[in-house]
Amino acid sequence: SLATSKIAVDKAINKNVKEFAGFELAEAIAVTSVLKDLGTIIPEMDEEARTSFSEIESNTAGIDFDKLYIRTQLKNHRLLRDLTEDYLNGAPTDNLDKDELQGKHLATMALVVFEEHVAITERINKELTSGGNE
């Protein structure tokens, strides 16, 4: 999200895509900073992520770029939502130490954001595919 949103802030032409990219970029910077402060190792992009990044990076500004960026963000946020739900559904509830409780709290807050971003990117994707590309 960080890498693709940096690109989208400059290349997006649709006002909603550009706005989402700006918010997503700020969020990705903040989350990365928090995770680093907590000592979390930020994983390298896997092959699928590198492919998506390359496709976004090489795409020229325009409605096709906007559609690609939003589809990629929608897919990513659905995955993050599902992973977070799975974690929270399986997370222990009793006798949590401070670190486990903090992780559970972060996941609970993140889930709300992931659900929100799925809804927003679904809406923007629908607008873009129905011709609303202002």
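The largest nonpolar core has 14 residues, and Val17, Ile56, Phe65, Tyr69, Ile70 and Ile124 touch the most other members. Helices α1, α2, α3, α4 and α5 each give two or more residues to this core. Helix α4 gives the most, with four residues. Keep in mind that this is a predicted model. In soluble globular proteins, nonpolar side chains tend to be buried together.

Take Phe65 as a guide. Leaving aside neighbours within four places in sequence, Phe65 is in contact with Ile7, Ala8, Lys11, Ala12, Ile56, Asn59 and Thr60.

Now look for empty space. Rolling a probe the size of a water molecule over the atoms shows where such space is left. Here the largest pocket holds about 1,600 Å³. It is lined by 40 residues, and Ser1, Val31, Pro43, Asn76 and Leu80 are the closest to its centre. Helices α1 (2–11), α2, α3, α4 (63–90) and α5 (98–129) each supply at least two lining residues. Helix α4 gives the most to this lining, with 10 residues. Sorted by class, the lining has 22 nonpolar, 11 polar and seven charged residues.

Next, find a loop. Ile42 sits between α2 (15–37) and α3 (47–58). Not counting residues up to four places away in sequence, Ile42 touches Leu35 and Lys36. Thr32 is 10 residues from Ile42 in sequence, and their C-alpha atoms are 7.7 Å apart.

Finish with the charged pairs. The structure holds five salt bridges. One of them joins the side chains of Glu48 and Lys75, at 2.4 Å from N to O. This pair links distant parts of the chain, with Glu48 in helix α3 and Lys75 in helix α4, 27 residues apart. Glu48 has a relative accessible area of 46%, so it is partly exposed. Lys75 is at 53%, so it counts as exposed. The cut-off for exposed is over 50%.

Another salt bridge stays within one helix. The side chains of Glu127 and Arg123 meet at 2.9 Å, N to O. Why are they separated by about one helical turn? Because they are four residues apart in helix α5. Glu127 is partly exposed at 26%, and Arg123 is partly exposed at 40%. Asp82 forms a salt bridge too, with Arg81, and their closest N and O atoms are 2.9 Å apart. Asp82 is partly exposed, at 33%.

Definitions and conventions: Residues are numbered from 1 along each chain as its sequence is written. This is a predicted model: local features need pLDDT of at least 70, side-chain atom pairs count only at pLDDT 80 or more; totals for chains, interfaces and linings use all residues. Side-chain values use heavy atoms; hydrogens and water are left out. Contact means heavy atoms within 4.5 Å. On a 1 Å grid over the protein atoms alone, a cavity is a set of points where a 1.4 Å probe fits but cannot get out, and a pocket is an open set with protein on both sides within 12 Å along at least five of seven lines; lining residues have an atom within 4 Å of a point. Grid points are joined across faces, edges and corners, and a volume is the space filled by probe spheres set on the points. Ala, Val, Leu, Ile, Met, Phe, Trp, Tyr, Cys and Pro count as nonpolar, Asp, Glu, Lys and Arg as charged, and the others, Gly among them, as polar. A nonpolar core is a set of buried Ala, Val, Leu, Ile, Met, Phe, Trp, Tyr and Cys residues joined through side-chain atoms within 4.5 Å. Buried means under 20% relative accessible area, exposed over 50%, partly exposed in between (1.4 Å probe, protein chains only). A salt bridge is a side-chain nitrogen of Lys or Arg within 4 Å of a carboxyl oxygen of Asp or Glu.
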